[in-house]
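Here is a chain to look at, and a set of questions about the words used for it. Each answer sets a value against a rule.

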Amino acid sequence: MQRIAILFAAALLAGCEAPPVTKEEMSSVDYGPRPSRWQEEIRSYLGIRTEPKQMYQRATDVRDRQWGWATCVWINDKNSSGAYDGFYPITVFLRDEKIVAVNNGPDDFGVIGATYARRQCAELGAPFTPRP
């Protein structure tokens, strides 16, 4: 049912395609200087918390079996008003230098993905510790 809702939403968004950006629009804004610390900034934003460790995830009714080298990432996204909503976990599985699965990522955001990611982040050594 959830996949049908996602496909329906994607179909609606596909019909809302914006016209291409013009050169005038691109030149009307100040991009600032070329970033020199962009990799560090992105890593900081992503909140990578652990080194990759071997992890195995059993198949269940709500999850496929996954295995590989997993790492925990805590992300602090901004909401539509520009304020930060707080950190949430993502677990990324890699095999042969490629991402093969993500728990609680953009395609899997919700209660089930969050539950798996929180548990796995704790196993990987990065449990959630709320700030007072």
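Q: What do buried, exposed and partly exposed mean here?
A: Buried means under 20% relative accessible area, exposed means over 50%, and partly exposed lies in between (1.4 Å probe, protein chains only). The model is predicted, so local features need pLDDT of at least 70 and side-chain atom pairs count only at pLDDT 80 or more, while totals for chains, interfaces and linings use all residues. Residues are numbered from 1 along each chain as its sequence is written, and side-chain values use heavy atoms, with hydrogens and water left out.

Q: Why is Tyr88 called buried?
A: Its relative accessible area is 18%. The limit is under 20%, so Tyr88 counts as buried.

Q: What makes Phe109 exposed?
A: Phe109 has 51% relative accessibility. Exposed means over 50%, so Phe109 qualifies.

Q: Why are Tyr88 and Phe109 called an edge-to-face pair?
A: Rings of Phe, Tyr and Trp (its six-membered ring) pair if their centres lie within 6.5 Å; planes under 30 degrees apart count as stacked, over 60 as edge-to-face and the rest as tilted. A search of the whole structure finds two aromatic pairs.

Q: Where in the chain do Tyr88 and Phe109 lie?
A: Tyr88 is in strand E3 (residues 84-95). Phe109 is in the loop between strand E4 (98-103) and helix H4 (111-123). The two are 21 residues apart, and the pair links distant parts of the chain. Helices (H or I, at least four residues) and strands (E, at least two) are DSSP runs, numbered from the N terminus.

Q: How many helices and strands are there in the chain?
A: There are four helices and four strands. From the N terminus on, they run α-α-α-β-β-β-β-α.

Q: What makes Arg63 and Asp108 a salt bridge?
A: A salt bridge is a side-chain nitrogen of Lys or Arg within 4 Å of a carboxyl oxygen of Asp or Glu. For Arg63 and Asp108, the N to O distance is 2.6 Å. By this rule the count comes to two salt bridges.

Q: Why does the bridge between Arg63 and Asp108 tie parts of the chain together?
A: Arg63 lies in the loop between strand E1 (53-57) and strand E2 (66-78), and Asp108 in the loop between E4 and H4, so the bridge joins parts that are 45 residues apart in sequence. Arg63 is buried at 12% relative accessibility. Asp108 is buried too, at 18%.

Q: How do you know that Arg119 and Glu123 form a salt bridge?
A: Their side chains meet at 2.8 Å, N to O. That value is within the 4 Å limit. Both residues lie in helix H4, four residues apart, about one turn of the helix. Arg119 is partly exposed, at 41% relative accessibility.

Q: Why is Arg95 said to sit over the ring of Trp67?
A: A charge sits over a ring if NZ of Lys or CZ of Arg is within 6 Å of the ring centre and within 35 degrees of the ring normal. Arg95 lies over the face of Trp67, at 4.0 Å from the ring centre. The charged end of Arg118 sits over the ring of Phe128, 4.7 Å from its centre.

Q: Which residues does Arg95 touch, not counting those up to four places away in sequence?
A: Arg95 touches Gln66, Trp67, Gly68 and Val100. Contact means heavy atoms within 4.5 Å. Arg95 is found in strand E3 and is partly exposed, with a relative accessible area of 25%.

Q: What makes a set of residues a nonpolar core?
A: The set holds buried Ala, Val, Leu, Ile, Met, Phe, Trp, Tyr and Cys residues joined through side-chain atoms within 4.5 Å. The largest nonpolar core has nine residues, including Met55, Trp74, Phe93 and Leu124. Its largest share, three residues, comes from E2. Apart from this core lies another, of five residues, among them Val73 and Tyr88.

Q: Is Asn104 buried or exposed?
A: Asn104 has 2% relative accessibility, so Asn104 counts as buried. Asn104 lies in the loop between E4 and H4.
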